[in-house]
Amino acid sequence: MNVAIVGASGAVGQEFLRVLAQRNFPIDNLRLFGSERSAGKTYKFKDKEITVELLNDDSDFSGVDIAFTSAGAGTSKKYAEVITRHGTVMIDNSSAFRMDPDVPLVVPEVNGEDALKRPRNIIGNPNCTTIQMVVAIAPINRLSPIKRVRVATYQSASGAGAAAMDELVTQTGQLSRGEDPVIDKFPFQLAFNLIPQVDVFTENDYTKEEMKMYNETRKILHSDIIKVSATCVRVPVLRAHSEAIWLETEAPLEVDEVKQTLRQAEGVVVVDDPANREYPMPFDRQGSDPVYVGRIRKDISDECGITLWTVADQIRKGAALNAVQIAEWLVAHNGL
């Protein structure tokens, strides 16, 4: 298997290297691509040093089976044809193609088979908040179709990149010393604060991040009835997102049935023993692969409602891991 990573120097690009090595993905040859700023840098993969190549219009991807791209929507749009013209499957981590009708949007535990229908040889990796949510709610949707989801997200600094994580750490130190914090990657100080805006606002006063959760969830679940109302909040956490979810199903469900279904669901770990204060928290779940679910209970305001809490590592399951799992699904199902 010949593999390429585009955007190798970024936080997700670096996570690609770790995930591919940890999961022993079958790689015969690995190539790394980046911008002029990154070209020439070397990174170690297993026991081999690999030099980052400059990505440009003349880059040759012939012979590359899979390219993981995480260099931003603009780069993905600009170089998609360069990457795919020789038959390379492009698994794209940006928002560039997610809602295009001829690009499947895939979470392997939920709709892996969609990856086989890719007329442009592009597969979209969903937004991190959407991935985390659909892994948790898809098993419930199979019990009874979900009509409505209300979700509040608590999104870590990692969603804005490695420099944003560094800024949070720097701000925390500055404030503890009584210094004015440096504010660059976020519109406001993030340390000891919450910012109720992730991405820019749209005409309906929802942000693009919140609208991604609405549109992407419907596409992944192949549902015309599910509606999602989200409030996305940036919180002073390094790399694990949390979500409080209220969902309404067509038929009432018993909590024990929901818990049992989630315990058996692929990619889900249930941590739910409130009497002993056992529930998932971002601090001790960062760096791990599953979507952790807890606080599972009946919504006392809705007889068809279920409420739950989820935590997942934004860089892994929310980005690099999900993309690698798409590639693993293709290999396992002869999809290349």
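Hi everyone, and thanks for coming. Please keep the structure open while I talk, and remember that we are looking at a predicted model.

Let's start at strand β6, which covers residues 89-92. Which way do its side chains point? V89 and I91 point one way, while M90 and D92 point the other way.

Now look at the neighbours of β6. On one hand there is β5, residues 66-69, which runs parallel to β6 and is joined to it by four bridges. If you want a pair to click on, take I66, whose bridge partner in β6 is V89. To get from β5 to β6, the chain passes through helix α2, residues 73-84, and this β-α-β crossover is right-handed. Keep α2 in mind, please, as we will meet that helix again.

The other neighbour I want to show is β7, residues 122-124. β7 also runs parallel to β6, with three bridges between them. Here M90 stands opposite I122.

Let's move on to a second sheet. What is the strand order in the open sheet of six strands? Reading across, the order is β9-β8-β10-β13-β12-β11, and the pairing is mixed. The edges are β9, residues 227-234, and β11, residues 268-270. Each of those two has a single partner strand, so one side of each is left without a neighbour in the sheet. From one strand to the next, the twist averages 20°.

Inside this sheet, have a look at β10 and β13. β10 spans residues 240-249, β13 spans residues 305-313, and nine bridges pair them in the antiparallel sense. For a landmark, find S242, which stands opposite V311 in β13.

Next, the empty spaces. Rolling a probe the size of a water molecule over the atoms shows where empty space is left. How many cavities of 30 Å³ or more does the structure hold? The count is one, and the space in this largest cavity is about 30 Å³. Its lining is made of V6, L55, T69, S70, A71, T75, S76, Y79 and I83. Here α2 comes back: this helix gives four residues, the largest share of the lining. By class, the cavity lining has five nonpolar residues, four polar ones and no charged ones.

Then there is the largest pocket, with about 1200 Å³ of space. A total of 46 residues line this pocket, and V12, S70, A71, G72 and G161 are the ones nearest its centre. Which elements give two or more residues to the lining? They are α1 (11-22), α2, α5 (162-176), α6 (208-221) and α8 (316-332). The lining of the pocket divides into 17 nonpolar, 21 polar and eight charged residues. Notice that S70 and A71 are among the residues lining the cavity, and that both are also among those nearest the centre of the pocket.

To finish, let's visit some loops. A96 sits in the loop between β6 and α3 (108-111). Its relative accessible area is 12%, so A96 is buried. The C-alpha atom of A96 lies 8.0 Å from that of G72, although the two residues are 24 apart along the chain.

In the loop between β9 and β10 we find V237. V237 counts as partly exposed because its relative accessibility is 21%, and the cut-off for buried is under 20%.

Most residues other than glycine have a negative phi. N24, in the loop between α1 and β2 (29-34), has a positive phi near 55°. F192, in the loop between α5 and α6, has a positive phi of about 60°. Are they buried or exposed? N24 is exposed, at 54% relative accessible area, and F192 is exposed as well, at 63%.

Key:
Residues numbered from 1 in each chain as written. Predicted model: local features only at pLDDT ≥ 70, side-chain atom pairs only at ≥ 80, totals over all residues. Heavy atoms only, no water. Buried < 20%, exposed > 50% of the residue type's maximum accessible area, 1.4 Å probe, protein only. Pairing = 2+ DSSP bridges. Right-handed = clockwise from strand over helix to strand, strands pointing away. 1 Å grid on protein atoms, 1.4 Å probe; cavity = no way out; pocket = protein on both sides within 12 Å on 5 of 7 lines; lining within 4 Å. Points joined across faces, edges and corners; volume = space filled by probe spheres on them. Nonpolar A, V, L, I, M, F, W, Y, C, P; charged D, E, K, R; others polar. Axes fitted to C-alpha atoms, helices over the stretch in contact; angles between N-to-C directions.
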